[in-house]
Amino acid sequence: MQYLSGYLDEAAQQALVVEIRALVAKAPLFTPTMPRWGRPFSVRMSNCGPLGWVSDKSGYRYQATHPVTAEPWPPIPQSLLDLWDVTTGYPLPPEACLINYYHPDAKMGLHVDNDEEDFDAPILSVSLGDDARFRLGGRERKDSTESYILRSGDIFILDEEDRLAYHGIDRIYPGTSMLLKEAGRINLTMRRVTRDCAKGR
Ligand SMILES: O=C(O)CCC(=O)C(=O)O
Ligand SMILES: [Mn+2]
């Protein structure tokens, strides 16, 4: 992994929040539900990019349209495509940018991001707003974990041996950032979804 603490300065964070507000005006936050049981997530989500990650009773998947409005997701802003290029150096652009919105009491249980076809591509995560306790483990759920406090402007990249590592958000620390109008945290998670056919895999 690569933990780029304080990577985005205040101005860059504010500019991103303006872009995210425009994105969620077009593709409103929705409440995903757990496969099978249909229990709602505490995190609300939206996406931008050709593909977006969704979860409902039928399962986890990527799809090209918003689950409520049925509209295509808005494009990934150029600033985020540039951030991907500069920080990951991966030769192909991300296809999905998940927008996670955490209320102060929201969390995300330990999980692996494995709904993608391309595990060679890293996952790039951007934190905005209140601090969060991020937990990173190993390839097995029972592996030991380490915790990191992710602050507004931090970038976290899951790559190489950590690409398929368990991770989650244990808690949000409300009132630790003044970036957003309200308490809470935004996380952007950029992923490559499909395989590059040119690589012949
Ligand atoms: O909020 C975070 O920092 C992590 C989000 C995450 O792991 C995910 O959306 O898959
Ligand atoms: Mn994840």
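## A buried salt bridge

Let's start with Arg192, which is buried at a relative accessible area of 10%. In this predicted model, its side chain meets that of Glu95 in a salt bridge, 3.6 Å from N to O. The two sit far apart in the chain: Glu95 is in the loop between helix H2 (78-88) and strand E5 (96-102), while Arg192 is in the segment after strand E12 (185-191), 97 residues away. Glu95 is buried as well, with a relative accessible area of 11%.

## Other charged pairs

A search of the whole structure turns up 8 salt bridges. One of them joins Arg133 and Asp170 at 3.4 Å, N to O. Arg133 belongs to strand E8 (residues 131-136) and Asp170 to strand E11 (residues 167-173), so this pair ties together parts 37 residues apart in sequence. Arg133 is partly exposed at 28%, whereas Asp170, at 19%, counts as buried.

Then there's Asp56 with Arg61, where the closest N and O atoms are 2.8 Å apart. Asp56 is partly exposed at 24% relative accessibility, and Arg61 is partly exposed at 28%. Asp113, Glu116, Arg163 and Arg191 are linked in a salt-bridge network.

## The aromatic side

The structure has 8 aromatic pairs. Among them, Tyr3 and Phe156 make a tilted pair, 5.4 Å centre to centre with 40 degrees between the planes. That pair spans 153 residues, from Tyr3 in strand E1 (residues 2-4) to Phe156 in strand E10 (residues 155-158). Phe156 is buried at 2%, but Tyr3 is partly exposed at 28%.

Phe156 also pairs with Tyr148: the centres are 5.3 Å apart and the planes at 70 degrees, so this one is edge-to-face. Tyr148 counts as buried, at 14%. Together with Phe134, Tyr3, Tyr148 and Phe156 form one aromatic cluster.

Conventions: Residues are numbered from 1 along each chain as its sequence is written. Chains are lettered from A and ligands numbered from 1 in the order in which they are written. This is a predicted model: local features need pLDDT of at least 70, side-chain atom pairs count only at pLDDT 80 or more; totals for chains, interfaces and linings use all residues. Side-chain values use heavy atoms; hydrogens and water are left out. Rings of Phe, Tyr and Trp (its six-membered ring) pair if their centres lie within 6.5 Å; planes under 30 degrees apart count as stacked, over 60 as edge-to-face and the rest as tilted. Helices (H or I, at least four residues) and strands (E, at least two) are DSSP runs, numbered from the N terminus. Buried means under 20% relative accessible area, exposed over 50%, partly exposed in between (1.4 Å probe, protein chains only). A salt bridge is a side-chain nitrogen of Lys or Arg within 4 Å of a carboxyl oxygen of Asp or Glu.
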